[in-house]
Amino acid sequence: MSLTKADIVERVYKEAGFSKKEAADLVDLVFKVIKDTLARGEKVKISGFGNFSIRDKATRVGRNPQTGSAMEISARRVLTFKPSQVLKEDVTARFSHRLDDKGKEDTSLPAKEGSSRALSSFMNNTEDIDGDDLDFD
């Protein structure tokens with residue numbers, strides 16, 4: 001199951017106490033701000049969540065997977081997302097206990113309760129202390 005924009009609006013409506021229209025307008029505004037910022041070529045950094053950025057990719061030679069023949073892949077701009085360490089830990093911590101030493105998952109074990117470090121980091125506008133918001137590329 002995927003989380004949809006309507007699901008996000010519903011959660012904002014229920015958890016933040018806005019009317020449905022206010023929640024929908026708020027979600028639309030947040031997405032518009034993110035989209036407009038990226039369209040200008042700027043990065044979007046959300047503490048405790050991750051970084052969205054636009055990257056230019058040069059022309060390169062690739063292979064057609066059906067025929068194996070070489071073909072040119074044109075230059076283009078791509079959107080990238082790098083999750084913060086806090087978000088990665090919040091997501092993976094729920095399932096890490098199910099992995100054995102060889103990386104095989106025991107799906108009979110239930111997932112742990114989720115952590116809210118990423119949410120609290122975002123809500124408190126605190127920076128990741130591990131330097132995840134630093135860019136080195």
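**A friendly note on this predicted model**

1. Let's start with how the chain meets itself. Among contacts in the protein chain with a separation of 6 or more, 41% are between residues 24 or more positions apart. Please keep in mind as you read that this is a predicted model.

2. Next, the overall layout. The protein chain has 4 helices and 5 strands. The chain has 137 residues, and 19% of them count as buried.

3. Now look at the helices H1 and H2. H1 covers residues 5-16 and H2 covers residues 20-39; their axes come within 8 Å and cross at roughly 125°. How are H1 and H2 oriented to each other? The two helices are therefore oblique. The crossing in which H1 passes H2 is right-handed.

4. Which residues make this contact? On the H1 side you will find Lys5, Ile8, Val9, Glu10, Val12 and Tyr13. H2 contributes Lys20, Ala23, Ala24, Leu26, Val27, Asp28 and Phe31. Sorted by kind, the residues of the contact of H1 with H2 give 9 nonpolar, no polar and 4 charged.

5. Ser53 sits in strand E2, which spans residues 50-57. Is Ser53 buried or exposed? Its relative accessibility is 16%, and buried means under 20%, so Ser53 counts as buried. Leaving aside residues up to four places away in sequence, Ser53 touches Leu38, Lys43, Val78, Leu79 and Thr80.

6. Finally, visit a loop. Gly41 lies in the loop between H2 and strand E1 (44-46). Gly41 has a relative accessibility of 37%. Partly exposed covers the range between the buried limit of 20% and the exposed limit of 50%, so Gly41 counts as partly exposed. Gly41 and Arg77 are 36 residues apart along the chain, and their C-alpha atoms are separated by 9.8 Å.

Definitions and conventions. Residues are numbered from 1 along each chain as its sequence is written. This is a predicted model: local features need pLDDT of at least 70, side-chain atom pairs count only at pLDDT 80 or more; totals for chains, interfaces and linings use all residues. Side-chain values use heavy atoms; hydrogens and water are left out. Axes are lines fitted to C-alpha atoms, for helices over the stretch in contact, and angles run from 0 to 180 degrees between N-to-C directions. Angles under 35 degrees count as roughly parallel, over 145 as roughly antiparallel, 65 to 115 as roughly perpendicular and the rest as oblique. A crossing is left-handed if the near helix is turned anticlockwise from the far one by less than a right angle, and right-handed if clockwise. Contact means heavy atoms within 4.5 Å. Ala, Val, Leu, Ile, Met, Phe, Trp, Tyr, Cys and Pro count as nonpolar, Asp, Glu, Lys and Arg as charged, and the others, Gly among them, as polar. Buried means under 20% relative accessible area, exposed over 50%, partly exposed in between (1.4 Å probe, protein chains only).
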